[in-house]
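Subject: Structure for your files

Hello,

Here is the structure you will be working with. My notes on it follow below the display.

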Amino acid sequence: MLTATNVLELECTNCRKKFDSAVEQHVCICGKPLFAKYDLKKAAQTLSLKNLANRSRTLWRYAEVLPEGEPVTLGEGVTPLLPAPRLGASIGLRRLYVKDEGLNPTGSFKARGMTAAVTRAKQLGARTLAAPTAGNAGGALAAYAAAAGLPAVIVMPSDTPIANVMECQAFGAKVIKIDGLISDCGKYVAENKEREGWYDVSTLKEPYRVEGKKTMGYELWEQFGAKLPDVILYPTGGGVGLIGMCKAFDEMQEMGWIGAERPRMVAVQAEGCAPIVKAWDAHRDKADFFPNAATMASGLRVPGPLGDLLILRMLKQTKGTALTVTDDEMLLDGKALAAQEGIFAAPEGAATVSAARKLAASGWIKPDETVVLFNTGTGYKYAEAWQRALRG
């Protein structure tokens with residue numbers, strides 16, 4: 001018998017068609033992502049700042065707005081929100097913070113999505129889990145599949161950082177390397193999943209990874225004492241973290257926690273792979289596939305994000321923006337973040353430092369605004385990139 005779920009239904013983010021959450025669903029018939037919908041009036045009766053004080057120190061503390069049942073957990077979530085005064089002073093921002101997702105299991109924010117996705121996949125009777133990855137998502141899926149007692153198939157570009165390859169293999173996953181980008185890996189999963197009997201856990205091709213990642217938004221509200229920051233800078237490849245936080249803010253408003261105000265969301269992309277920025281600058285509501293994508297920040301090398309409509313819509317709704325940084329800027333600011341604040345970031349996280357520097361210099365971010373940079377992964381998994389950064 002299927003374990004019960006707090007999810008009332010699934011709804012298409014594009015055409016609003018409804019789906020039954022009690023059976024396996026991936027994307028809408030129109031091809032767009034699905035969102036889980038909850039009884040938020042009921043959730044608000046027990047989900048409060050007061051009650052949270054006595055709950056477990058994992059993201060499953062927000063159980064009312066997550067799938068119900070026995071979680072497949074490795075202790076993910078509740079990552080520190082660290083003040084960055086020296087870095088802030090060098091940029092001209094007095095209230096700068098870093099949310100350090102590198103302290104999650106498997107070293108990145110991807111653990112958040114996978115705990116929710118694997119929990120629900122197991123409840124739905126999945127036999128083998130499969131996903132394409134640019135690196136960190138593969139390691140997270142392999143780890144949570146192992147914790148769930150399920151086999152996993154990880155399809156990754158052949159130039160994926162070696163740490164990501166090794167961790168997938170250590171967790172017992174089958175690793176398939178493809179000469180190409182994550183888009184090519186996604187195509188491989190799509191072409192083989194029915195014949196192989198794989199449960200597809202690709203980004204936004206199942207409804208629950210975004211549910212795990214939205215807890216970053218809930219944590220910010222809790223860590224700021226029932227408030228939200230003015231600006232959030234987020235490294236954007238597939239964009240699920242940004243999408244998830246905006247979903248969380250909408251849920252918070254419906255529960256009466258906040259009003260209509262929102263943090264201004266900033267999508268940070270690599271100059272060598274910037275489909276969202278290109279669309280944003282052209283005032284378009286969807287992104288084109290970005291040709292010849294190239295950046296050493298593997299998590300940002302996503303040339304055709306499925307969530308493009310959602311990301312661009314959310315940037316507009318929050319009065320946010322999108323901008324690029326170069327690989328060299330990431331490396332330089334990764335060194336600054338480490339040396340000034342003791343935070344050893346992935347290149348994707350370092351990119352938000354570069355972006356904040358540019359936005360502060362232009363006046364888009366004011367000196368007294370509360371600003372949060374997301375470091376989405378630990379620098380320890382990027383030995384190749386850091387070797388390059390430290391040569392000089």
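The accessible surface of the protein chain comes to about 15400 Å², and carbon and sulfur atoms hold 51% of that area. Areas are from the Shrake-Rupley method with a 1.4 Å probe, and for residues only the protein chains shown count as cover. This is a predicted model, in which local features need pLDDT of at least 70 and side-chain atom pairs count only at pLDDT 80 or more, while totals for chains, interfaces and linings use all residues. Residues are numbered from 1 along each chain as its sequence is written, and side-chain values use heavy atoms, with hydrogens and water left out.

Overall form

Of the 392 residues in the protein chain, 60% are buried (under 20% relative accessible area; exposed is over 50%, partly exposed in between, with a 1.4 Å probe and protein chains only). The C-alpha trace spans about 55 × 50 × 40 Å along its principal axes. Taking contacts (heavy atoms within 4.5 Å) between residues at least 6 apart in sequence, 71% join residues at least 24 apart.

Strands and helices

The protein chain has 15 helices and 13 strands. These are DSSP runs numbered from the N terminus: helices are H or I of at least four residues, strands E of at least two. Two strands pair if DSSP finds at least two bridges between them.

An open sheet of three strands has the order 2-1-3 and antiparallel pairing. Its edge strands, each pairing on one side only, are strand 2 (18-19) and strand 3 (34-38). Strand 1 (residues 7-12) is joined to strand 2 by two bridges, and Glu11 has Lys18 as its bridge partner in strand 2.

Elsewhere, strand 5 (residues 95-100) runs antiparallel to strand 4 (residues 81-83), with three bridges between them. Strand 5 also pairs with strand 13 (residues 370-375), in the parallel sense over six bridges. Tyr97 takes part in both pairings: Pro83 stands opposite Tyr97, and Val372 is the bridge partner of Tyr97 in strand 13.

Ala389

Ala389 lies in helix 15 (residues 383-390) and counts as buried because its relative accessibility is 9%. Not counting residues up to four places away in sequence, Ala389 touches Leu331 and Lys335. The C-alpha atoms of Ala389 and Leu331 are 5.2 Å apart, although 58 residues separate the two along the chain.

Regards
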